[in-house]
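Please examine the sequence and the structure displayed below before reading further. A short report on selected features accompanies them.

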Amino acid sequence: MNNLKIKHQERLNLNAGDIQFKFDVNYDQGSEAAEVQFSLICTNVPLGSTVGFSSNTSGPNPPIVLPPTKVITYPSFIVGMLSYVPANYTAVITVAGDFSEPPPANTSIDLQAAYVAVQ
Amino acid sequence: MALKAKKPSLAWKASMLYLQGPDAGQVQFTIQCNNIPKGSTISMSADATGPVPPIALQPTVISTYPAFATGIIADVPAGYKSNINFELYCVGKPPAGSTVSLVAGYTSQQSSDSTLHAGPVKIIVVAEVTITN
């Protein structure tokens, strides 16, 4: 698992007053297949907001899709899914959702793609 | 015969003794559910206070199948020690081979890089417990 091309997470910084959000992340699995956990890391996202994501190309099993899911814990909440992603898979993952109220200025949503490793 | 919606009932309950060690750190506590029916709920709580925010996850509805993950991130002080408990309320019985894992870990890379790319980061596991049937 040393040949991953890109290794980080993508963050959306929000503007005060935004009620809906949507952003695209280019995903590149790199040269090794893996079981990957796709998570939205929500910080200071108002309770009752919904968040979700989907990718635009098939291949991973199950498909990289998280239906709109309610944020029910504040100020830190993570929600996501795991998928087996084939080598060299690339896609645009679209993250979208609705805020239940205008989010505070320090709100952020990260799409994290991670694999779990025991060190 | 009319179909009746099943109400989730307590299926599994487990605890993990968590030890932070000598260094404080930002820890990601994630519950991974495999083959747990949609509509079930999972929650988590710690017995001891100290982390900010507290290690507590309200009952979260499992919205996707077969693999769902949820959790929180907290700043955990050095020397923190606590049982972390989690509860699964399942729609029906958990099917054979289903699992729920509580994973505590930190990410190996965090970046504020503004390029529009993302691939996997590594979560280094410091503690993990799995329930299965």
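## Basis of the report

This is a predicted model, in which local features need pLDDT of at least 70 and side-chain atom pairs count only at pLDDT 80 or more, while totals for chains, interfaces and linings use all residues. Residues are numbered from 1 along each chain as its sequence is written, and chains are lettered from A and ligands numbered from 1 in the order in which they are written.

## Cis peptide bonds

In chain A, the peptide bond between A:Y74 and A:P75 is cis, with omega at about 5°. A:P75 belongs to the loop that links β5 (65–70) to β6 (76–85) of chain A. Strands here are DSSP runs of E with at least two residues, numbered from the N terminus.

Chain B also contains a cis peptide bond, joining B:Y65 and B:P66, and its omega is about 10°. The loop between β4 (56–61) and β5 (67–76) of chain B holds B:P66.

## Positive phi angles

A:N88 is not a glycine, yet its phi is positive, at about 65°. This residue sits in the loop between β6 and β7 (90–98) of chain A. A:N88 counts as partly exposed because it has 13 C-beta neighbours inside 10 Å. By definition, a residue is buried if 20 or more other C-beta atoms lie within 10 Å of its own, exposed if 12 or fewer, and partly exposed in between, with C-beta atoms placed from the backbone.

In chain B, B:N35 has a positive phi of about 65° and is likewise not a glycine. Its position is in the loop between β2 (25–34) and β3 (41–46) of chain B. B:N35 has 17 other C-beta atoms within 10 Å and is therefore partly exposed.

## An exposed strand residue

B:L17 is part of strand β1 (residues 9–19) of chain B. With 11 other C-beta atoms within 10 Å, B:L17 is exposed. A distance of 24 Å separates the C-alpha atoms of B:L17 and B:C90, which are 73 residues apart along the chain.

Not counting residues up to four places away in sequence, A:C42 is in contact with A:V51, A:V71, A:F77 and A:I109. Contact requires that the C-beta atoms of two residues, placed from the backbone, lie within 7 Å.

Methods
Helix = DSSP H or I, 4+ residues; strand = E, 2+ residues; numbered from the N terminus.
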